[in-house]
Amino acid sequence: MAQSADEMSLQVVSAVSNSALLQPGFSLLNFHGDVFFFGQKGWPKRSCPTGVFLLDIKQNELKLKPAFFSKDSCYLPPLRYPALCTHRGNAEPDEYQYIIHGGKTPNNDLSDKLYVMSLVSKNSKKTTFQCIEKDLGGDVPEARYGHTINVVHSRGKSISVIFGGRSYTPLAQRTTEKWNSVVDCLPSVFLIDFEFGCCTSYILPELQDGFAFHVSLARNDTVYILGGHSLQNNTRLPSLYKLKVDLPLGSPAVTCTILPGGISVSSAIVTQTSDDEFVLVGGYQSDNQKRLVCNTIVLEDNKIEIVKRANPDWTPDIKHCRMWFGCDMGKGSVLLGIPGANKQFISDANYFYILRCKGAEKDKEEELTAQICSQTSTEDPGDSTPFEDSEEFCFGAEANSFDVDDTDTYNEDDEEDESETGYWITCSASCNIDINTWVPFYSTELNKPAMILCSSRAGHWVHAQCMDLSESMLLHLSESNVKYFCNEHVDLNKGLQTPKKVVHPKKQPMKPLRRKSIMKLTTPMKKSFLRRLFE
């Protein structure tokens with residue numbers, strides 16, 4: 001296998017005041033050279049209700065600036081580990097949209113919805129998007145994450161291809177010990193028509209086992225699927241599949257071919273350096289070994305070629321870290337992150353690097369081509385082996401192409417700690433809710449515990465089960481407009497309350513049925529006078 005001699009450079013980037021939002025599993029969208037962050041940790045706050053931010057990198061410092069949605073947009077939850085790709089519409093040749101499917105919400109619910117996001121307007125002060133939820137029908141793919149979506153073109157028509165991913169175990173197969181466990185989705189190929197929202201599934205004999213966190217590349221009517229991790233076998237087979245989609249006047253046709261020369265890798269990152277050339281970097285080749293080797297992938301009309309290329313000068317921190325994550329920034333650049341919990345006072349802080357896969361003389365403002373690469377948000381820590389716990393960013397822009405005002409930069413210090421509002425927090429000293437062993441207790445629970453707000457001073461959420469609330473009492477509190485105080489604050493609340501003055505109602509005396517005459521006592525003098533009078 002030949003080796004490419006293109007040099008790769010590594011640059012350190014520091015996150016300023018917002019590192020808690022930059023956790024593994026989010027995505028990044030590239031609109032005309034600007035990178036937008038999506039899929040934050042936790043639910044959006046008042047300062048940015050859309051959960052979409054402009055990623056601003058100036059002087060090797062990373063900041064976030066809130067973005068906005070148009071009035072006709074739908075609600076877009078902060079999805080982590082979704083599948084996304086770009087799709088060019090027919091209206092403007094230079095305009096394109098992002099297609100977002102699946103992913104995890106902050107409540108660990110899985111989404112089966114498909115969203116289309118497009119840029120409405122942008123200036124130095126404000127960026128506005130339009131987000132539309134697409135109605136799907138037919139063989140709708142089940143809710144999943146860790147999958148891929150691509151757009152292929154055949155006979156003048158376009159269609160999206162969805163494959164792979166993981167989902168929760170069906171309710172009928174769940175047990176107490178494995179209530180929140182996940183499984184690989186069936187190896188079905190789904191085609192989605194954007195115009196009508198029709199979904200069709202295909203079962204191909206070449207695809208026997210399901211897998212997730214693979215890489216997919218699309219060119220014309222062909223999708224190449226490389227690598228991936230199988231939960232059932234806990235393997236990373238050197239697989240390489242070629243899916244060819246034909247779109248005649250009738251029903252679409254899908255064929256699959258197994259190609260040699262695959263790579264055993266999961267959670268890899270792909271960036272596009274030219275019309276037909278991609279660079280594969282990162283990922284894992286085994287449970288306890290990162291993949292530090294880089295490859296160049298060349299796509300032709302009916303051919304794919306994978307060659308080795310010179311590796312960058314990895315820093316000692318990257319070489320010896322337990323995990324890493326990152327994603328494509330576009331124009332041959334990749335954002336890499338490693339955990340910094342052992343080196344920083346902030347436990348969830350990360351170190352970030354920008355890896356440039358081509359020379360600075362080639363690193364100019366370029367337009368995204370129609371052959372777009374799609375990849376998952378890498379592997380979920382809860383579903384993998386101890387080492388296989390990285391997630392990927394989904395990037396697509398130049399790091400130094402921002403010109404925004406720092407006055408509008410999002411500051412995470414203005415927000416409350418997201419760890420206090422999750423479902424799997426330690427709500428009290430007697431809390432016994434564990435995400436790994438929890439089972440539904442109330443009839444209204446499905447995959448997360450019921451919680452109730454304690455109205456003490458700042459207010460905080462507690463598990464209803466930890467407060468020993470009966471189901472009838474929980475329903476009464478949720479329907480009634482009354483304040484609730486948890487077991488730890490109920491006595492304090494009583495001591496702080498001023499006793500209210502009780503006004504007793506005046507009782508009207510009952511009127512007797514008949515009035516009785518009052519008997520008067522007669523003195524002895526009056527008795528003698530009356531006796532003499534009647535004698």
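Guide: This is a predicted model. Strand β6, residues 61-66, runs antiparallel to β5, and six bridges join the two.

Visitor: How do you know that β5 and β6 pair?

Guide: Two strands pair if at least two bridges are found between them. Here there are six bridges, so β5 and β6 count as paired.

Visitor: What makes β4 and β5 a pair?

Guide: The cut-off is at least two bridges. Strand β4, residues 34-38, has three bridges to β5, so the pair qualifies. The sense is antiparallel. Phe-38 has Val-52 of β5 as its bridge partner.

Visitor: Why is β5 called largely enclosed?

Guide: Strand β5 covers residues 52-58, and six of its seven residues are buried. Therefore the rest of the structure largely encloses the strand.

Visitor: Why is Phe-534 called exposed?

Guide: Exposed means over 50% relative accessible area. Phe-534 has 69%, so the word applies. Phe-534 lies in helix α4, residues 524-534. With Phe-529, Leu-530 and Leu-533, Phe-534 makes a nonpolar surface patch of about 470 Å².

Visitor: Which residues lie nearest the centre of the second largest pocket?

Guide: They are Lys-157, Ser-158, Ile-159, Asp-193 and Glu-195, from a lining of 20 residues. The pocket holds about 480 Å³ of space. β14 gives the most to the lining, with three residues.

Technical notes
Residues numbered from 1 in each chain as written. Predicted model: local features only at pLDDT ≥ 70, side-chain atom pairs only at ≥ 80, totals over all residues. Heavy atoms only, no water. Buried < 20%, exposed > 50% of the residue type's maximum accessible area, 1.4 Å probe, protein only. Helix = DSSP H or I, 4+ residues; strand = E, 2+ residues; numbered from the N terminus. Patch = residues over 30% accessible without salt bridge, like charges linked within 9 Å, V, L, I, M, F, W, Y side chains within 5 Å. Areas by Shrake-Rupley, 256 points an atom, 1.4 Å probe, with all protein chains shown as cover. Salt bridge = Lys/Arg side-chain N within 4 Å of Asp/Glu carboxyl O. 1 Å grid on protein atoms, 1.4 Å probe; cavity = no way out; pocket = protein on both sides within 12 Å on 5 of 7 lines; lining within 4 Å. Points joined across faces, edges and corners; volume = space filled by probe spheres on them.
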